[in-house]
Amino acid sequence: MSGNQEKITIVSCIDYRYDALVCVYLNKQGLNANYYNCATAGAGLPLGYCKSCKELCGCKGCKPCNAQVKTLRESLNVNIGISIGLSGIKTIYVINHQDCGAFKVFLGCSGYPETLGSDNQKEIDINAQVLTNSKNYLTCKNKGINVRLGVV
């Protein structure tokens with residue numbers, strides 16, 4: 001890929017099981033090594049967490065402003081800001097994955113399945129909600145940015 005083509009920013013999870021899948025997906029999109037990778041636990045979860053927790057969790061013990069998630073979100077915002085400043089990024093991909101440990105930890109009372117494949121529809125619904133909230137957060141915080149969503 002030519003250095004003249006638009007670079008993008010990827011928000012992906014730190015989970016080692018999905019690194020290769022994300023690379024294969026991005027390569028198939030023609031984005032071979034033409035992106036900044038901002039990896040964090042839960043991928044889009046820290047960006048859409050506050051609203052997602054309020055919408056998805058029914059337990060009074062939840063912490064929609066969880067300090068650990070806030071730290072992850074702040075780190076992502078710094079990295080995204082750096083990538084925008086360095087290369088004029090106009091597109092951010094947020095790529096969540098199945099069987100995410102961060103979802104199990106931070107959205108425990110949402111009904112997120114503990115076992116891969118045990119309730120695929122619930123997992124899809126929760127990922128869709130978190131990704132939608134992540135997109136809304138990013139487009140509000142970064143005017144003019146295009147956000148693409150995905151799940152591997």
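Reader: Why is Phe 106 called buried?

Author: In this predicted model, Phe 106 has a relative accessible area of 15%. Buried means under 20%, so Phe 106 counts as buried.

Reader: What makes Tyr 49 and Phe 106 an edge-to-face pair?

Author: The ring centres of Tyr 49 and Phe 106 are 6.3 Å apart, and rings pair if their centres lie within 6.5 Å. Their planes stand at 75°, and planes over 60 degrees apart count as edge-to-face. Tyr 49 is in helix H2 and Phe 106 in helix H4, 57 residues apart, so the pair links distant parts of the chain. Tyr 49 is buried too, with a relative accessible area of 2%.

Reader: Why is the pair of Phe 103 and Tyr 112 called tilted?

Author: The centres of these two rings are 5.1 Å apart and the planes are at 40°. Stacked needs planes under 30 degrees apart and edge-to-face needs over 60, so the pair of Phe 103 and Tyr 112 is tilted. Phe 103 is buried at a relative accessible area of 0%, and Tyr 112 is buried at 5%. The count of aromatic pairs comes to two.

Reader: Which residues touch the most other members of the largest nonpolar core?

Author: They are Leu 45, Tyr 49, Phe 103 and Leu 107, in a core of 15 residues. H2, H4 and H5 each supply at least two residues of this core. A second, separate core has 12 residues, including Cys 38, Ile 89, Leu 138 and Ile 145.

Reader: How do you know that helix H2 falls short of a straight helix?

Author: H2 covers residues 45–56, and its end C-alpha atoms are only 12 Å apart. A straight helix with 12 residues would reach 16 Å at 1.5 Å a residue. Among the buried residues of H2 are Leu 45, Pro 46 and Cys 53. The buried residues of H2 pack against helices H3, H4 and H5 and strand S3.

Reader: What makes Ser 134 count as buried?

Author: Ser 134 has 0% relative accessibility, and the cut-off for buried is under 20%. This residue is found in helix H5. Leaving out residues up to four places away in sequence, Ser 134 touches Gly 44, Leu 45, Leu 47 and Gly 48.

Reader: How do you know that Cys 23 is in no disulfide?

Author: A search of the whole structure finds zero disulfides. The nearest cysteine sulfur to Cys 23 is that of Cys 13, 14 Å away, whereas a disulfide needs sulfur atoms within 2.5 Å. Cys 23 is partly exposed at 35% relative accessible area, while Cys 53 is buried at 2%.

Note on methods:
Residues are numbered from 1 along each chain as its sequence is written. This is a predicted model: local features need pLDDT of at least 70, side-chain atom pairs count only at pLDDT 80 or more; totals for chains, interfaces and linings use all residues. Side-chain values use heavy atoms; hydrogens and water are left out. Helices (H or I, at least four residues) and strands (E, at least two) are DSSP runs, numbered from the N terminus. The expected span of a helix is 1.5 Å times one less than its number of residues. Buried means under 20% relative accessible area, exposed over 50%, partly exposed in between (1.4 Å probe, protein chains only). Contact means heavy atoms within 4.5 Å. A nonpolar core is a set of buried Ala, Val, Leu, Ile, Met, Phe, Trp, Tyr and Cys residues joined through side-chain atoms within 4.5 Å. Rings of Phe, Tyr and Trp (its six-membered ring) pair if their centres lie within 6.5 Å; planes under 30 degrees apart count as stacked, over 60 as edge-to-face and the rest as tilted.
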